[in-house]
Amino acid sequence: MGRAIKPGSGQLIRFKIAQHVIAGRLHIHKNIGCQDRVNSYNRNGNSSIALSDGAGSYQNSELGAEKITKNITKNFSTNFSKIIKRSNLEIKKRVIAEIN
């Protein structure tokens with residue numbers, strides 16, 4: 001269960017997060033599992049969601065997609081109050097650093 005402030009009203013809203021990944025038709029036809037991953041994380045009332053498109057042409061790309069989504073969501077939820085004070089460029093650099 002997540003919560004957020006409705007913009008302009010100050011009203012607290014609650015929401016549920018559902019996540020699911022599924023292999024596409026081509027992957028099913030070639031008997032390849034789904035390499036995409038999605039993850040959500042909530043810390044201190046800050047929720048984040050990340051989706052990663054696994055690089056299907058690489059072996060074990062689903063493992064990289066899983067790690068990236070977990071790292072990004074945990075980092076953003078945990079450090080949200082620091083992150084929002086940064087410029088868009090600094091935030092982009094942080095995302096790239098998190099991926100590498």
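Okay, let's start at a turn: strands E3 and E4 form a hairpin with two residues between them, and Asn-44 in that turn has a positive phi of about 55 degrees. When I say strand or helix, I mean a DSSP run, numbered from the N terminus: E with at least two residues for strands, H or I with at least four for helices.

Before I go on, this is a predicted model, where local features need pLDDT of at least 70, side-chain atom pairs count only at pLDDT 80 or more, and totals for chains, interfaces and linings use all residues. Residues are numbered from 1 along each chain as its sequence is written, and side-chain values use heavy atoms, with hydrogens and water left out.

E3 covers residues 37-43 and E4 covers residues 46-52; they run antiparallel, and seven bridges join them. DSSP has to find at least two bridges before two strands count as paired.

Now for helix H2, residues 61-78. With 18 residues, H2 reaches 26 Å from its first C-alpha to its last, close to the 26 Å expected at 1.5 Å a residue. That expected span is 1.5 Å times one less than the number of residues.

Which residues of H2 are buried? They are Ser-61, Ala-65, Thr-69, Ile-72, Thr-73, Asn-75 and Ser-77. Buried means under 20% relative accessible area, exposed is over 50%, and partly exposed is in between, using a 1.4 Å probe and protein chains only. What covers those buried residues includes E3, E4, helix H3 (80-83) and helix H4 (88-99).

Staying with H4 for a moment, Ala-97 sits in that helix. Ala-97 counts as exposed because its relative accessible area is 53%.

Last topic, salt bridges. How many turn up in a search of the whole structure? Two. The term means a side-chain nitrogen of Lys or Arg within 4 Å of a carboxyl oxygen of Asp or Glu.

Arg-37 pairs with Glu-66, their closest N and O atoms being 3.2 Å apart. That pair links distant parts of the chain, as Arg-37 is in E3 and Glu-66 is in H2, 29 residues apart. Glu-66 is partly exposed, because its relative accessibility is 26%.

Glu-66 also pairs with Lys-70, with 3.4 Å between the closest N and O atoms. Through shared partners, salt bridges join Arg-37, Glu-66 and Lys-70 into one network.

How values were computed. Contact means heavy atoms within 4.5 Å.
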